[in-house]
Amino acid sequence: MKKALLTFPLLVLLLACLACAPLYNKQKTGAGAPTMPAVVQQDDQTLIFVALSGGGTRAAAMSWKALEEFKKIPYVYIDQAGHKINSTLADEIDYLSGISGGSFAAAAFCLYKDRMDVFRKRFIDRNIERDLFIGLFWPPWQGPRMLYPGSHYDRIHMASELYDREVFGKKTFADLPPHPVLWINATHLALGNRFTFTREYFDLLDSDLAHYPVAYACAASSAFPVLLSPMTLVNYGAPEALSDDVTYQMAKLNARDDIEKDFYCKTREFYNDKTNRYMHLADGGLVDNQGLQAIIDQFDTNGIINRKLNDRDKPLKRLIIINVNAGVGSDEGSCKKESAPGIGSVIEYTMTTSMDILSAKRWMTIKQLADEVYKAALDLRANTPSLAKLEKPYTIEINFRNVKDDRIRAACNKLPTSFHLTKEQIELIDSVVPKLVDEDPEMIRLMNALKR
């Protein structure tokens, strides 16, 4: 009898764990919610965007080492009060866009940029892949909880809890500093489009971003199909009257002849249809494996770059866009065999190889847009005060393909996209990235400009 009484509380606890629903985003409550930090800039004459690509721990390690190198580059400017400010390139980053493995480094930099060793110990130097596997079976109720029909608890929630507890220390978006602004990107499966964990996107869900755990956003951004299940968000609230939305109505008028406006309208309508109750998100690399589209959008009429280019009171002097790309060359051998590739190879080709090509084209688009901005500045600056100080924009790419030594480049191309790297593989990245930073022609041009 006594043994049965001791067992009963454990049984109750087990059933409670099995029935426990996964953490969803919360609806806006109005009063009492934490205030999200305001968007601020430090050097008003400069805009710095950094994109950190996907690629598992390889991408996280490359991104982290690049950020460490950026902290070594002096950045001196004069503030509005006329004071000389000694800073670094890393500390002047305004917007940080992360995808998949790069999203972990982006979020960690916002939280731990003054303690760079923290993220190395908690993530890069650690076998996250092994810990995720162990998490399927421990604690003992973990497996039954995933199989329990009513819990909706899945592998993505187990991973999120691990990241939340052991990597990000249960930090939410309200804990992020105002600078740099963090963009964590995932893929909205139903729309086939980017979903970024920002207030603008959460407003469409009538949801509170401030309370949302940073770790869960990173988990969504890295939820590679098959390996991890999608992350789900709830679409709250009542439909808005789109007839009162001027931006939507103007886009609707031009949707027939402009595919971008047509897609904007369909996306807006999708979120506004509250029968679409659940938004399912997967790896951001499915639509943009380098986090570049979020930056391309800033060249649009209402984008950050375009607004700054039209700021007469605080003219833009430097536009700096840095792409830390952990993509590697394909070591493909299937065309040397008669047998067709297996399902694993097909998934890799579809979701990584082809996406790397599309991402490379996005980088070319950014360079072209930056060139067009500078050409316009040369033509108009005499009569346009907001363009009078603009230097030629800096487009900097840190990429393994730029490693000069053939043997070392081949070793980099063999780095896996898993969530575990050996000590030797991490040391390889740590030795290669500083050279890539120092040798990039655009980075050299920027560092020479910073000395003037």
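Phe109 is buried, with a relative accessible area of 0%. The model in which this residue is found is a predicted one.

**Aromatic pairs**

In the predicted model, 22 aromatic pairs are counted. One of them joins the rings of Phe49 and Tyr95: the planes meet at 15 degrees, which is under the 30 degrees required, so this pair is stacked. The centres of these two rings are 5.2 Å apart. Phe49 belongs to strand 1 (residues 46–52) and Tyr95 to strand 4 (residues 95–99), so the pair ties together parts that are 46 residues apart in sequence. Phe49 is buried, with a relative accessible area of 0%. Tyr95 has a relative accessibility of 7% and also counts as buried, because the limit for that word is under 20%.

A second pair brings back Phe109. Its ring and that of Trp64 are arranged edge-to-face, with 6.5 Å from centre to centre and 80 degrees between the planes. Trp64 sits in helix 2 (residues 56–70) and Phe109 in helix 3 (residues 101–112), so this pair links distant parts of the chain, 45 residues apart. Trp64 is buried, at a relative accessible area of 0%.

The table sets out the two pairs.

| Pair | Centre to centre | Angle between planes | Arrangement |
|---|---|---|---|
| Phe49 and Tyr95 | 5.2 Å | 15 degrees | stacked |
| Trp64 and Phe109 | 6.5 Å | 80 degrees | edge-to-face |

Trp64 and Phe109 are also members of a cluster linked by ring pairs, together with Phe104, Phe119, Phe123, Tyr163, Phe168 and Phe419.

**Nonpolar cores**

In soluble globular proteins, nonpolar side chains tend to be buried together. The largest nonpolar core here has 93 residues. Those with the most contacts inside this core are Phe70, Phe119, Tyr163, Phe168, Phe173, Phe197 and Tyr212. Helix 3 gives the most to the core, with 9 residues. Another core lies apart from this one and has 23 residues, including Phe49, Ile296, Val373 and Leu390.

Leaving aside neighbours within four places in sequence, Phe70 is in contact with Thr88, Leu89, Ala90, Ile322, Val324, Val437 and Met443.

**The whole chain**

The protein has 452 residues, and 49% of them count as buried. Its secondary structure comes to 17 helices and 10 strands. Among contacts with a separation of 6 or more, 77% are between residues 24 or more positions apart.

**A buried loop residue**

Pro180 is placed in the loop between helix 7 (155–166) and strand 5 (181–188). Although in a loop, Pro180 is buried, with a relative accessible area of 3%. Its C-alpha atom is separated by 5.8 Å from that of Ile93, which is 87 residues away along the chain. Not counting residues up to four places away in sequence, Pro180 touches Ile93, Asp94, Tyr95, Leu96, Phe109, Cys110 and Lys113. Tyr95 and Phe109, each from one of the ring pairs in the table, are thus both among the residues touched by Pro180.

**The cavity**

A search of the whole structure finds 1 cavity of 30 Å³ or more. The volume of the largest cavity is about 40 Å³. Its lining consists of Leu23, Tyr24, Asn25, Lys26, Asp208, His211, Tyr212 and Pro213. These lining residues divide into 4 nonpolar, 2 polar and 2 charged. Tyr212, in this lining, is also listed with the residues that have the most contacts inside the largest nonpolar core.

Key:
Residues numbered from 1 in each chain as written. Predicted model: local features only at pLDDT ≥ 70, side-chain atom pairs only at ≥ 80, totals over all residues. Heavy atoms only, no water. 1 Å grid on protein atoms, 1.4 Å probe; cavity = no way out; pocket = protein on both sides within 12 Å on 5 of 7 lines; lining within 4 Å. Points joined across faces, edges and corners; volume = space filled by probe spheres on them. Nonpolar A, V, L, I, M, F, W, Y, C, P; charged D, E, K, R; others polar. Phe/Tyr/Trp six-rings, centres within 6.5 Å; stacked < 30°, edge-to-face > 60°. Helix = DSSP H or I, 4+ residues; strand = E, 2+ residues; numbered from the N terminus. Buried < 20%, exposed > 50% of the residue type's maximum accessible area, 1.4 Å probe, protein only. Core = buried A, V, L, I, M, F, W, Y, C linked by side-chain atoms within 4.5 Å. Contact = heavy atoms within 4.5 Å.
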